[in-house]
Amino acid sequence: MGSGQISVVKPLDIASRVKAARSKFEQMLGRSAGDAVAYHAPGRVNLIGEHTDYNGGYVLPAAIEYGTVALVAKRDDGVVRVVSTSRELRVEVRVDGIKPDKANDWANYPLGVVHMLRERGAEIGGADLLFDGNIPGGGLSSSASLELATAVAILGIWDEEMDRVELVKLCQKVENEFVGINSGIMDQYAVGMGKEGHALLIDCGVIKHKYVPLRIPGHKIVISNTNKPRELVDSKYNERQAQCQAGLKMLKAVLPDIEYLAHVSVEQFEEHASSITDPTVRKRVKHVVYENARVLDAVKALENSDLSELGRLMIESHNSLRDLYEVTGKELDSLVDEALKVDGVVGSRMTGGGFGGCTVSLVREDCIEEFTRRVSEGYTKTTGLVPEFYITEAAGGAGKVD
Ligand code: GLA
């Protein structure tokens, strides 16, 4: 990209993406596109409630207008073929011989879903699957989107039904047991259950949700991508999770009834903080406890259309992720710092697992141009990287494309 250009990426409408994917299906799989049925699963952005999901806490994500198109056609020979319009790797395996394999790279997600659905007793045979994703990498749940797109496509083509929340849990299990990342349920839940115009308040302890109208009059959600080259962050994620487990264990000595860390109230934490002897673990726990309380405050702010309160909570959340949970890094911090210098920015914070990926900002509509220009300039100056921006409404969840 030439210097001075600002990259705002618009989501293409799903119908035109399906059309383009159909001709790819013929080219890449040598099969008539007339055999294929189209499904779509969105990505997600988390508004607040970070690293609380695997601690049984609250999160407030929304599905976004970027996602994964899946074209699927049945096969009667028990073979599964998976291809992608953006990746070279293609995989062909027998449906009864699927196992995790590093060499299968991204294809482990769809293959894991097929495998786990069969393990659960779904009567599923072979299939040809083509994926076309436009979710920018890092922090917007492209893997959960791939999982849910596969799940609804495969169940649909083989005429099998499954409760949606069960399907969401199964996709999380793929991530945990097949791919090996101990992630929580937020991503799959938001992708599977998203609703247009709404965020989801998910209680990850009991795995239930409530839709919260995303009333942000005169404002838009702007996602900014650090475009930081992806590094291996899975081990750091798993380390944070282990620290939370350690914190829970120490607190249980004084609060024996606590099942999840996020069930510790702010008052309980302040009273018993000294029971957590390791200072790093204490910081992690403090983040989780306060972040969890912020989610409920953010819902109240949304219900009252109190955008300045919502923005304040988002900024507090980012600061806590930076100072206590230590999952931001100079790229995410710079995007947030630059965003907060611009007029009309209500709030801004990192979104997703962290260490790179994206931020989410609430920006007044007439300030968006100024926002992208100034954030772009400031960020490139600090990091040498060129960011990208996506403007999105809250979208619907995974399903068939009519
Ligand atoms: C990743 C995980 C989620 C959640 C976030 C942090 O996106 O997949 O389950 O833990 O990080 O909030």
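Mentor: A polar contact is a pair of N or O atoms within 3.5 Å; within protein, one must be able to donate a hydrogen and the other to accept it, and residues adjacent in sequence count only if both atoms are side-chain atoms. This is a predicted model, in which local features need pLDDT of at least 70 and side-chain atom pairs count only at pLDDT 80 or more, while totals for chains, interfaces and linings use all residues. Residues are numbered from 1 along each chain as its sequence is written, and side-chain values use heavy atoms, with hydrogens and water left out.

At His51, a polar backbone atom is 2.7 Å from an oxygen atom of the ligand. Asp53 uses its side chain: an N or O atom there is 2.5 Å from a ligand oxygen. Tyr237 also has a polar side-chain atom 2.6 Å from an oxygen atom of the ligand. Taken alone, the ligand exposes 300 Å², and the protein buries 92% of that (accessible areas come from the Shrake-Rupley method with a 1.4 Å probe; for residues, only the protein chains shown count as cover).

The residues around the ligand (one heavy atom within 4 Å of it) include Arg44, Glu50, Tyr54, Ser183, Met186 and Asp187. Gly184, Gly352 and Gly353 also belong to this shell. By class, the shell has three nonpolar, five polar and four charged residues. Here Ala, Val, Leu, Ile, Met, Phe, Trp, Tyr, Cys and Pro count as nonpolar, Asp, Glu, Lys and Arg as charged, and the others, Gly among them, as polar.
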